[in-house]
Structures are given as structure tokens and as C-alpha cells.
Amino acid sequence: MTAVKIKPRLPKGMRDFLPNEMLKREYVFDIVRQVFHLYGFEPLQTPVLELKETLMGKYGEDAEKLIYHAQHPGGKEEVALRYDLTVPLSRVVALYENEIALPFKRYQLSPVWRAERPQRGRYREFYQCDADIVGIASMSADAEILGVVVTALRRLGFQQFSVKINNRKLLTAIGQYAGVPRDQLGDLYRSVDKFDKIGADGVRKELLERGIESEAVARMMELIQARQPGLSSLDYAEEMMGNFPAAQEGIRELRELAGHLADANIPPQFYEFDFTMVRGLGYYTGPIFETVITEPNLGSVTGGGRYDDLVGLFRKESLPTTGTSLGIERIIDLMDILNLYPPDIVGTVVQVLVSVFNDDTRRDSTRLAAELRAAGVNTELYLQDKNLGKQFNYADKKRIPLVAVLGPEEIAAGAVKLKRLNDGAEMTVSRGQVGAKVQEMLG
RNA sequence: GUGGCUAUAGCGCAGUUGGUCAGCGCGUCUGGUUGUGGCCCAGAAGGCCGUGGGUUCAAAUCCCACUAGCCACCCCA
């Protein structure tokens, strides 16, 4: 053995999740999964690695630089770690077109990798929870996606949030209306997207700095400043830009979407039309969505939209597709900050600690643990050789709710003493009914 | 990728203009309490002050580089 140890470290932006944290993560995953099932989505799993040709050219130039490349020495295939779950889905749909019945409603809870500089709420390995509907052009599909988002967030305990809805077609029309040349559209969108952060004046300033004509900036500002509640914003947009075909189409879609949302009983306080919301990824073609929880601001917690052309990159004919991604990492960070976890998930899965009185009684404790497990109770048998006080201490620290004491007295009486740690209540019960009594004491 | 801030015990921190500055709180361990945790009391362990150079009689303290983390920008979940 050498004296030099390797420093235990992690790659930048990657994390371990210790049991305490995993319990919380799984709680969130479970709720999200339930909601996906509730809306009729079914699970899909794809490999961590994709062929480079599958990933390249889908996300835009900037995003592509963040793709992790994964080669082994002498490898013949060019492979990379997946960057999101949307492109793999499109690949799957194209690959199994004869086996998949449309509409294809799938969800996937999986890690993705992006070589970004880590920050709060931003990691290099992080889980996304995607739900998408392939094969439906109608806005009813988009409405279902928004229903999933709103339901999942509400079930997780978020009270105040707003899903912002915009449309790529409308953004195109806004650019046309303002008279901004094509090569400046990116700059235009990037600035407009910051409206919430830097305000109207900030956007105006930035647009001018980016060299966009002052006349175009003025027309632009007139448009985006007129943000109005509910559907009146759509009326306003139509009034202003109604003679642009892209605007007509975009507004028609959003009207249709609004109708479906109302029919589906999605409470209107949870969504709004916001023409300043822009999504960066290149593949969106229609309605786009994003959810921001403003207090505290950790960036967007969901993002999605319609991408009718993406499947078409993998086969002759494309398929209309819409979907969303829940940013589970940011949701988890917010759950902690806002204290949204139910009290019983913190600590441990163990319901009862079976203590061991002394060496002579260990066999009895082992049998008791077996009986409890057979009765379906999550049971930990104390495996060390320490006095009762230490064993209670251990249970207390691990937040195990009940301790079973099986000393000579109990053994002689064919009984078990159960103690509930949060209030100190004790109950001596016969061995035969210990499973039922444990459930009773756990309430 | 660009800029800024930070780095002292397991965790959170203090350390004044270089000279008892190696400390505090929490946690851990031991005992008070060998059939019962939390609270209290007493005690103990634990640090090459991120790493490597430099300045100086003297560096946790000043300078440089590196590394890591955080924040902002970019972008995004």
C-alpha cells in the first residue's frame, strides 16, 4: 500500500446524492411520474450515449459546444452524451415508426449532460422529466402538456407560479413588424427575453446598443410594452400585426390553445400569454412554454414547446410534436427553500428499529425483525453491540419513529415493548399482534 | 467562454496594522445514567490555516501562480 491517497473528488458540476437527499428526490420523481400517468403518458428509456450524428445540428451553434463527447481508446463509433431528451425521442419515433401507435405519448425521467459552468440551480449532470405527444398537430395536445405542467407543480405544493406561453410564429411576426433584418433577429429575441429582468428601458437600451435601428426599436417597444392580462393581449397583437400571415397563424393557435385550457379547467391564474418569452433551442416551431417561479428566482423550472420539424430530420416525413421538460433539479432546490416536503419523508425509510438487549437476546430480536418484515414493516435490526441508550440515540438521530425493546422481561412474557420517539409513548404488546400495533402507533 | 468574490477542525465561522492566532459554535466521542433517546453537566479527540512559490528576523495574515467553490454575464432545466 502506498501512503499517498487519492483525494476524493467529483468532476465539476456533478453530484452525489446521499440517502437523505435521495428520499427527497424520489418523492419529487414519484409525484411527477404519477401526474404523467394521470394524463396517460407512458415511460421510455433511451441510452445515455447517442451517436454524434444524432445530436449534432439540432440545438444551435452555442448549445452544441456544450455537448460532452465520450470516446474510448480505439472506439470506432463517434458517440456523445445526450444533451436533452427531446432529440433522442425524435430518433426513437423515426426508428420505430412501424411499432409506435400515434399519438405517441411518452415520458422520460433521465439525466442529461451539458458542459456549462456550474452555478446555483445549474449543474453539468442533471435530470430532466420530459412529457411529449408525437403525432398531433392540434392545440389540444399542447393543452394537455400544459395541464401536466400545472398539475405537477401544484401537486408538489407550489402555490404561485405562471406558465408563460408564446409562439415562435408570433416572434417571427414581431421581427417582421418591427422591420428587423434577419441576421439581427437573434439579438432582438435575446434582448426581448430579458424584459422581466431588465424592464422596458433596459430592453430598449440593449436593442440600441446591439445596433438595431431606432425606428425598429420604437415599433418593437410599442408592441411588447402592451402586455395585457388574459386574452386581451391576443386581441392587441392581432390588431397590431394582423396583416402578417405568421402573426395570424400564431394568434389563431394561441386562441385555440386558450380554448382547450379553459375546457380542461386549468385555472387561469397559472398561465399567461407573454410575447416577450423566448426559448433558445433551435427546434421550436409553434407554441412555446416556460414556467418561472419568481420567489426565489432560480431560472425557469419548466420549458417546452412545439417542434413539428424535428422528427423530419430522421425520416422522410416529419410528425407534429409538442412537449415539455420539467427541470427537476431546480424544482428540488425550490422545494427545499420553500419547505414543500411533507414532514414524514425526511430522515429514513425505516419505521421500526429492533433493539438488541444483550448477546443472549440477539436471536430473539432477529426473529422479531423477521416477523415485522413479514408483516410489511420497514425494519432495521440493530447490528452493533451497544447498550440500549446508544441504540435509542441511534434511532433518534436517524429519525426512526419507533423502537422495539425485547429484553428478558418481554421475552418471558411473549411480548414486545414499543416506544414512539416523538412523544415517548410506550406500549407493551404481544408478539402475535406486533405488526398491527406498529401500524397503529405509526398512525 | 468573460468578469468579480471566497478558501482556517466533519459543518458554519472568528482571527484587528505581519509578532501566544491555532480559536468559537454546532456536530463527533467518553463519562455522569450498565432496561430507554432528545435537555443539562464534565471531559476528550480533531487543522501543514486549499496547493505551490515569493517577500520578511518572523506569514493564516502581504505578493504571485495554480486548483476548487460561489456570484454575475452568456446560455439554459
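Mentor: Let's start with a term: helices (H or I, at least four residues) and strands (E, at least two) are DSSP runs, numbered from the N terminus. Glu426, for one, is found in strand S15, which covers residues 426–430. What you're looking at is a predicted model, where local features need pLDDT of at least 70 and side-chain atom pairs count only at pLDDT 80 or more, while totals for chains, interfaces and linings use all residues. Residues are numbered from 1 along each chain as its sequence is written, chains are lettered from A and ligands numbered from 1 in the order in which they are written, and side-chain values use heavy atoms, with hydrogens and water left out.

Trainee: Why does Glu426 count as partly exposed?

Mentor: Buried means under 20% relative accessible area, exposed means over 50%, and partly exposed is in between (1.4 Å probe, protein chains only). Glu426 has 47% relative accessibility, so partly exposed it is. Contact means heavy atoms within 4.5 Å, and Glu426 is in contact with Lys417, Leu418 and Lys419 once neighbours within four places in sequence are set aside.

Trainee: Is Lys164 buried or exposed, and how do you know?

Mentor: Its relative accessible area is 10%, so Lys164 is buried. You'll find Lys164 in strand S6, residues 162–167. Not counting residues up to four places away in sequence, Lys164 touches Asp196, Glu272, Asp274, Met277, Ile288, Phe289 and Glu290.

Trainee: What makes helix H4 largely enclosed by the rest of the structure?

Mentor: Count the buried ones: nine of the ten residues of H4 (residues 86–95) are buried, and that's why it gets that description. Among them are Thr86, Pro88 and Arg91. Their cover includes strand S2 (49–51), helix H2 (52–55), strand S4 (104–113) and S5.

Trainee: How do you know that S4 and S5 pair?

Mentor: Two strands pair if DSSP finds at least two bridges between them. S4 and S5 have ten, in the antiparallel sense. Phe104, for instance, stands opposite Val134 in S5. Both strands belong to an open, mixed sheet of eight, in the order S1-S4-S5-S10-S9-S8-S6-S7.

Trainee: Why do S1 and S7 stand at the edges?

Mentor: Strand S1 (42–43) and strand S7 (271–273) each have a single partner strand, so one side of each has no neighbour in the sheet.

Trainee: How do you know that both faces of strand S13 are covered?

Mentor: In a regular strand the side chains alternate between the two faces of the sheet. In S13 (residues 402–405), Leu402 and Ala404 on one side and Val403 and Val405 on the other are all buried. S13 runs parallel to strand S11 (residues 352–354), with three bridges joining them, and Leu353 has Val403 as its bridge partner. With S14, S13 pairs in the antiparallel sense over four bridges; there, Leu402 is partnered by Arg420.

Trainee: What makes a group of residues a nonpolar core?

Mentor: It's a set of buried Ala, Val, Leu, Ile, Met, Phe, Trp, Tyr and Cys residues joined through side-chain atoms within 4.5 Å. The largest one here has 103 residues, and Val28, Phe36, Phe158, Met241 and Ile331 touch the most other members. Helix H5 (residues 139–156) gives the largest share of this core, eleven residues. Apart from it lies another core, of 25 residues, including Val350 and Val429.

Trainee: Which residues come nearest to RNA strand B?

Mentor: A residue is near a strand if one of its heavy atoms lies within 4 Å of it. Of the 41 residues around RNA strand B, Arg122, Arg190, Lys194, Arg279 and Ser300 come nearest. Sugar and phosphate make up 47% of the RNA strand B atoms that come within 4 Å of the protein.

Trainee: What makes the pair formed by Lys397 and RNA strand B a polar contact?

Mentor: A polar contact is a pair of N or O atoms within 3.5 Å; within protein, one must be able to donate a hydrogen and the other to accept it, and residues adjacent in sequence count only if both atoms are side-chain atoms. A polar side-chain atom of Lys397 is 3.0 Å from a phosphate oxygen of RNA strand B, so that pair passes. A backbone N or O atom of Tyr123 lies 2.8 Å from a base nitrogen, so that one passes too.
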